[in-house]
Number of protein chains: 2
Amino acid sequence: MRIHKDQFQNHDMSKLIKGAVVPRPIAWVSTISRDGTRNLAPFSFFTVASMNPITLCFSVGGGASDKDTLANIKETGQFIVNIVSESLANQMHETSLQYSPEEDEFEKAGTQAEPGDFVDVPRVAESPVQMECELDQVVEVGTNSLVLGTVVGYHIHDDVYMEKDKVNPDKLKPVGRMAGDYSYIREFYSLPNNDLPK
Amino acid sequence: MRIHKDQFQNHDMSKLIKGAVVPRPIAWVSTISRDGTRNLAPFSFFTVASMNPITLCFSVGGGASDKDTLANIKETGQFIVNIVSESLANQMHETSLQYSPEEDEFEKAGTQAEPGDFVDVPRVAESPVQMECELDQVVEVGTNSLVLGTVVGYHIHDDVYMEKDKVNPDKLKPVGRMAGDYSYIREFYSLPNNDLPK
């Protein structure tokens with residue numbers, strides 16, 4: 001099937017795109033408002049923008065929960081990307097629900113907050129990797145805002161860290177985002193691999 | 001362990017970042033040079049930038065293979081993102097190797113090219129989803145270039161398409177990019193899920 005852009009209005013393109021750009025990593029983004037309210041929300045339009053300086057980017061849509069994150073980042077210029085392991089997936093999901101701006105998702109999800117070392121934002125203590133970021137720029141793209149942040153601090157749990165700066169994927173046990181569901185990330189292979197289906 | 005940005009030079013931050021921002025989807029990007037040479041290369045710093053208009057983005061680094069893709073896109077303003085299923089992983093890997101600009105990765109990988117309907121770029125016929133894109137903008141970020149493209153045409157194989165515009169993940173069988181390895185994407189779950197490890 002082929003769908004031209006003139007026919008996009010006749011399809012649920014959101015589903016077709018979210019189902020095709022998979023699996024997606026999840027940025028569990030913590031921020032703080034000017035008046036001190038903590039915010040924590042997941043974003044799966046998330047990737048690396050640059051390796052030097054190390055810059056992460058994620059896309060914020062027009063949803064209400066998204067707006068708190070974006071407003072906080074614009075106010076403070078700071079955020080922390082926390083990586084979600086399987087053991088944190090339910091708590092991450094909890095923070096994807098709709099809360100009013102003054103509610104604290106750290107409390108809602110029952111996660112432990114630790115202060116950032118390099119930015120004045122709380123990080124999720126249980127998260128295996130936490131990356132402290134300073135806002136580089138916000139690029140407006142259609143309905144969304146692409147938030148680019150420079151990594152200024154990198155935290156990794158000792159049991160996930162392997163020698164020579166490798167991250168142990170069996171310990172990280174990350175969560176892959178699909179269209180609506182999630183994928184286990186537990187079995188790995190290298191390429192070329194002649195055992196793959198033809 | 002915590003690593004401040006002043007200590008990044010003492011670590012292989014590339015490994016620490018690529019091992020943490022996982023699993024990553026893969027954009028297998030086809031382009032064509034002004035003189036007609038076809039190019040095909042994979043990029044795993046790839047996500048959705050906006051849902052309306054539908055905009056994809058991927059980050060191009062300073063590598064030689066990356067440079068052909070970027071040069072072609074800047075010349076023609078067009079590219080196609082082909083999605084990689086397990087059955088295409090070895091061919092995708094083949095196109096990640098180093099070739100000179102005049103070499104044709106479609107031939108090297110033995111993939112079938114079909115002309116784009118909406119842009120003058122070949123697409124990978126075997127790829128389950130192919131998204132034709134017009135360049136929106138290139139955002140320079142450190143050593144990298146973030147390429148943003150508006151989707152103008154969407155192709156999906158009939159066996160992957162499900163009613164109500166869902167993409168069948170069991171048929172798509174996508175490839176997840178890890179630090180150096182790849183992840184099977186075959187088992188899915190919804191949240192909340194009380195069977196996950198604590």
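Reader: Which strands and helix of chain A each supply at least two residues of the lining of the largest pocket?
Author: In this predicted model, strand S3 (38–43), strand S5 (54–60) and helix H2 (64–76) of chain A each supply at least two residues of that lining.

Reader: And which element gives the most to the lining?
Author: S3(A) gives the most, with three residues.

Reader: How many residues line the largest pocket, and which lie nearest its centre?
Author: The lining has 23 residues. Nearest the centre of the largest pocket are Lys18(A), Pro42(A), Phe43(A), Ser44(A) and Asp66(A).

Reader: How much space lies in there?
Author: The largest pocket holds about 530 Å³ of space.

Reader: What classes of residue make up its lining?
Author: Ten residues of the lining are nonpolar, nine are polar and four are charged.

Reader: What about the second largest pocket: how much space lies in it?
Author: About 430 Å³ of space lies in the second largest pocket. Its lining consists of 20 residues, and Lys18(B), Pro42(B), Ser44(B), Phe45(B) and Arg177(B) lie nearest its centre.

Reader: Changing topic: how many cavities of 30 Å³ or more are found?
Author: A search of the whole structure finds one. The largest cavity has a volume of about 40 Å³.

Reader: Which residues line the largest cavity?
Author: Its lining is made of Pro25(A), Ile26(A), Ile83(A), Val84(A), Pro174(A) and Val175(A) from one chain, together with Ala20(B) and Val22(B) from the other. By class, these are eight nonpolar residues, with no polar and no charged ones.

Reader: Now the core: how many residues does the largest nonpolar core have?
Author: The largest nonpolar core has 73 residues. Those with the most contacts inside the core are Val81, Met131 and Tyr154, in chain A and in chain B. As background, nonpolar side chains in soluble globular proteins tend to be buried together.

Reader: What does Met131(B) touch?
Author: Leaving aside residues up to four places away in sequence, Met131(B) touches Ile17(A), Ala20(A) and Val21(A) in chain A. In chain B, the residues touched by Met131(B) include Leu56(B), Phe79(B), Val81(B), Val151(B) and Tyr154(B).

Reader: Where is Gln78(A)?
Author: Gln78(A) is in strand S6 (residues 78–83) of chain A.

Reader: Why does Gln78(A) count as buried?
Author: Gln78(A) counts as buried because its relative accessibility is 18%, and the cut-off for buried is under 20%.

Reader: What lies around it?
Author: Not counting residues up to four places away in sequence, Gln78(A) touches Thr31(A), Ile73(A), Val119(A), Asp120(A), Val121(A) and Cys133(A). With Asp120(A), a polar atom of the Gln78(A) side chain lies 2.8 Å from the backbone nitrogen.

Reader: One more residue: is Asp104(A) buried or exposed?
Author: Asp104(A) counts as buried, because its relative accessibility is 15%. Asp104(A) is found in the loop between helix H3 (89–94) and helix H4 (105–109) of chain A.

Reader: Which side chain does Asp104(A) make a polar contact with?
Author: The partner is the side chain of Arg38(A), at 2.6 Å.

Definitions and conventions. Residues numbered from 1 in each chain as written. Chains lettered and ligands numbered in written order. Predicted model: local features only at pLDDT ≥ 70, side-chain atom pairs only at ≥ 80, totals over all residues. Heavy atoms only, no water. Core = buried A, V, L, I, M, F, W, Y, C linked by side-chain atoms within 4.5 Å. Buried < 20%, exposed > 50% of the residue type's maximum accessible area, 1.4 Å probe, protein only. Contact = heavy atoms within 4.5 Å. 1 Å grid on protein atoms, 1.4 Å probe; cavity = no way out; pocket = protein on both sides within 12 Å on 5 of 7 lines; lining within 4 Å. Points joined across faces, edges and corners; volume = space filled by probe spheres on them. Helix = DSSP H or I, 4+ residues; strand = E, 2+ residues; numbered from the N terminus. Nonpolar A, V, L, I, M, F, W, Y, C, P; charged D, E, K, R; others polar. Polar contact = N/O pair within 3.5 Å; in protein donor to acceptor, adjacent residues only side chain to side chain.
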